[in-house]
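Reader: Got a new model on screen. Can you walk me through it?
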Amino acid sequence: MPGLVDHLGRPIDFAALREEQAAAQLTGVRSPMGDHPSKGLTPQRLAAILLEAEDGDPMRYLELAEDMEEKDLHYLSVLGTRKRAVTQLIIDVEAASDEKIDVENADFIRQWLARDELEDDLFDILDAIGKGISHTEIIWDFSASQWWPARLEWRDPRWFEFDRVDRRTPMVRTERGPEPLAAFKYITHVPKAKSGLPIRGGLARAAAWSWMFKNYSVKDWVAFAEVYGMPLRLGKYQPGASENDIRTLRRAVASMSSDAAAVVPKSMEIEFVDAKRSGQGGGGDVYKALAEYLDQQISKGVLGQTATTDAIAGGHAVGQEHNLVRNDIKRADAKQLAATLNRDLVRPLIDLNKGPQKLYPRICIRLHEETDITAMADALEKLVPLGLQVQQSEVRDKLGFADPAKDAKLLKPSSSAPSSDVLPPVAHSVRTPCPVHSVMPAGGADIIDGLVEEMIGTDWEPLMRPAVDGLENFFDGVTTIEEARDRLVEALQSMDLDELTEKLARAGFSSRIAGALGITTEGN
């Protein structure tokens, strides 16, 4: 398809679309094996790692971010919770308009989204929340005479770097040096956790210091428990005890580490001293309190609150408030993810198969409670009969319904449902409608029958006189239908029909309102 370009204006290389650009290499620069900089991490080394990433070499920082997820269950939990909260939201596709081509484009995108692997693919794309950026390579298939994403492959972020000038443009590592990403080949997600360079926007960077200090605290806590967690076995012997008695007591104390049983002379005593009785009981609580405090800081950084991960005082009300904060973050993540998919997936899929479009379908990821179907149905039921114009495709998209196929069996309204024929659009010339009760006859008759009776009882002669005066002589000398039509047009332009128009408009408006509100005269 000549002249096709991506959102950056780069021409599409169709040969490159058929190849994998960022596959793993056993002996190249994209090795799946990596280092573990968290081993022996010190504040000085952590500062150096973060500065390297900021300066354009994010290799060690990305390896550290991976280590953080593997070594800290709390960080893994809250980060996974944030990502899974978005992958399980409702995904809709909105057509650009009700035009046939736009509806077909939206259905085309829905067809691709209806796949079992979608949730896993979105989870991989959201790896950018922790690391600041993620690259998912699109493996295109052209075997069925159309371009189709056969699968999405998550690529290790260590295999990419940023342009050394702007620090924003991602480049793939190759043996020839960094190269630009091929157009229409990647879903590149850069979430806005904070403003600034993409590599500084990952949550792993913000959580790294708390993670490191917690790691120190837990190590000290384990060492403390090893020393003071087991009770101290203290054997006492009396003055004048023989060397044989001392050896016997020593063997007894040593054997208690496994079976806690020994035979000693009656004159000897063994005392068990635990950490609490020895005055060391407060030490373990210090490590625990510090670790819990740092966990709460990580929860705040990742989820924006702590109530959904830690038991805190405040009860249900505090939990509700914290959940609102979490929903704000979830909603923001969903909008950013949808924007990335619309740019890097929807547009390439449409352009490669149907050519460039003026308008494109949009993927929308919404919270479950955002669409109140009952409220929307009530609003449409009341407003559409009053003249509000709404696209059917927009309503279907918000409800999650696909556009019906040509031969599909459709649900139909009941015979009692009001139609546009019963409730015509309100005339724009209506000024002051008459009260509804003025058209209601006595005896419980139908509201429309009452209107008809009132209209029949109206003295129509004064209302119709401006329309018929002079018509009897107006067609003198007319010999053809065309001449009569032209004369009638001239006559209508000179007629004064304001009073007649207003009378009919008021009657129509009154019947319309009465029918829409279900007003009857029974019992009146």
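Author: One term before we start. Buried means under 20% relative accessible area, exposed means over 50%, and partly exposed is in between. By that cut-off, glutamate 137 is buried, and so is arginine 155. Keep in mind that this is a predicted model.

Reader: What do glutamate 137 and arginine 155 form?
Author: A salt bridge, with the closest N and O atoms 2.9 Å apart. Glutamate 137 sits in strand β2 (residues 134–141) and arginine 155 in strand β3 (residues 148–155), so the pair ties together parts that are 18 residues apart in sequence.

Reader: Which residues are linked with them in a network of salt bridges?
Author: The network links Glu20, Glu137, Arg151, Glu153, Arg155 and Lys185.

Reader: How many salt bridges in the whole structure?
Author: The search finds 30. One of them joins glutamate 54 and arginine 205, with the closest N and O atoms 3.5 Å apart. That pair links distant parts of the chain. Glutamate 54 is in helix α2 (residues 43–54), arginine 205 is in helix α8 (residues 203–228), and they are 151 residues apart.

Reader: Glutamate 54: buried or partly exposed?
Author: Partly exposed, because its relative accessible area is 27%. Arginine 205 has 13%, so it counts as buried.

Reader: Switching to strands. Which strand pairs with β7?
Author: β2 does, in the antiparallel sense, over four bridges. Threonine 136 stands opposite isoleucine 187 in β7.

Reader: Which way do the β7 side chains point?
Author: Strand β7 covers residues 186–189. Tyr186 and Thr188 point one way, Ile187 and His189 the other. All are buried.

Reader: What about β4, β5 and β6? What's the order?
Author: They make an open sheet of three strands in the order β4-β5-β6, with antiparallel pairing. The edge strands are β4 (160–162) and β6 (179–180), and each pairs on one side only.

Reader: How many bridges between β5 and β6?
Author: Two, in the antiparallel sense. Strand β5 spans residues 170–172. Valine 172 stands opposite glutamate 179 in β6.

Reader: Where is phenylalanine 184 found?
Author: In the loop between β6 and β7. Phenylalanine 184 also has a positive phi, near 65°, and is a residue other than glycine. At 7% relative accessibility, it counts as buried.

Reader: Zoom out. How many helices and strands?
Author: The protein chain has 18 helices and 10 strands. Of its 524 residues, 35% count as buried. The chain exposes about 30,700 Å², and carbon and sulfur atoms supply 55% of that.

Reader: And the contacts?
Author: Take those between residues at least 6 apart in sequence. Of these, 70% join residues at least 24 apart.

Reader: What is the mean pLDDT?
Author: It is 81 for the protein chain, and 74% of residues reach 70 or more. Among the elements, β7 has the highest mean, 97. Helix α14 (residues 447–456) has the lowest, 61.

Reader: Where is the pLDDT below 50?
Author: Over residues 419–444. Beyond near neighbours in sequence, that stretch has 37 contacts in the model. Where pLDDT is low, the predicted coordinates should not be read in detail.

Notes: Residues numbered from 1 in each chain as written. Predicted model: local features only at pLDDT ≥ 70, side-chain atom pairs only at ≥ 80, totals over all residues. Heavy atoms only, no water. Pairing = 2+ DSSP bridges. Salt bridge = Lys/Arg side-chain N within 4 Å of Asp/Glu carboxyl O. Buried < 20%, exposed > 50% of the residue type's maximum accessible area, 1.4 Å probe, protein only. Contact = heavy atoms within 4.5 Å. Areas by Shrake-Rupley, 256 points an atom, 1.4 Å probe, with all protein chains shown as cover. pLDDT = per-residue confidence, 0-100.
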